[in-house]
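Dear colleague,

Please find below the structure that I am handing over to you.

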Amino acid sequence: MDVQQIKEQIVEAVMIILRGRAISRSFHGNISARTGSNLVLTTRSHLDEHFTTESLSVIDPNSEESRATLHPSTQEIVDMHDVVYSVRPDVNVVIHTHAPHTTAFAISSKPIPSAYEAMVRHDILEGVPLAKYGPRGSPESIRNIQDVIRPDTRAVLLENHGVLVFGKDVRETARLAVTIEEAAEMIIMAESLGEVHPIPPEMVRSTIDRKKQFSYSD
Ligand SMILES: [Zn+2]
């Protein structure tokens, strides 16, 4: 896939996020996609209806000179994306937002449990873990993110800040960000009705097996 195709997919991903209301009122957020040793990265700090392929640039995260071409607000978040790629060679896309219900969990320092089947269908088997707080993009926050990423982690809550969602495919990862926001909203509503029950581990396995029986592409 060439860079232009990746940029077009990222624009589509922004629209998926907007339609799914997986974004805060400020529209703050950023997206990156890996292409070889480079990153296609958003150069504006808002994911809104004005987002186009012109809102993206290609940088080499290992080059200070290349990073210096970015706006300071974007330079600040390169390491937050790059740490995911460095620990997860299977990941090609990282999406960061302050999706409100998802971020409510991050602000209350609680992981999101796998209590909603759609999360498990997106291969979130043990909920969304929480990375302890550190100032945005700081070495401390990067270490905290690295500490909670396991080989099968699909998203990480950033305490007092927001969320990172990641995956292989741009559009699928955007849909996952929407599913996590949907799950967070439903769990918060369910808590007002009583205790929330995560899907038991043995049933999580059955859910995955069931999905495989009817595997399809959309
Ligand atoms: Zn943020």
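**Helix packing and overall form**

Helix 1 and helix 8 pass each other in a right-handed crossing. Please note that the model is a predicted one.

The two helices span residues 3-19 (helix 1) and residues 170-193 (helix 8), and they pack with their axes 9 Å apart, at an angle of about 15°. Because angles under 35 degrees count as roughly parallel, helix 1 is roughly parallel to helix 8.

On the side of helix 1, the residues that take part are I6, Q9, I10, E12, A13, I16 and I17; they meet V170, R171, A174, R175, A177 and V178 of helix 8.

Turning to the chain as a whole, its secondary structure consists of seven strands and nine helices. Along the principal axes, the C-alpha atoms occupy a box of roughly 50 × 35 × 30 Å. The radius of gyration of the chain is 17 Å, which agrees with the value near 17 Å that a compact globule of 218 residues would have.

Of the 218 residues in the chain, 36% are buried.

With kind regards

Technical notes
Residues are numbered from 1 along each chain as its sequence is written. This is a predicted model: local features need pLDDT of at least 70, side-chain atom pairs count only at pLDDT 80 or more; totals for chains, interfaces and linings use all residues. Helices (H or I, at least four residues) and strands (E, at least two) are DSSP runs, numbered from the N terminus. The radius of gyration is taken over C-alpha atoms; the globule rule is 2.2 Å times the number of residues to the power 0.38. A residue is buried if 20 or more other C-beta atoms lie within 10 Å of its own, exposed if 12 or fewer, and partly exposed in between; C-beta atoms are placed from the backbone. Axes are lines fitted to C-alpha atoms, for helices over the stretch in contact, and angles run from 0 to 180 degrees between N-to-C directions. Angles under 35 degrees count as roughly parallel, over 145 as roughly antiparallel, 65 to 115 as roughly perpendicular and the rest as oblique. A crossing is left-handed if the near helix is turned anticlockwise from the far one by less than a right angle, and right-handed if clockwise. Two residues are in contact if their C-beta atoms, placed from the backbone, lie within 7 Å.
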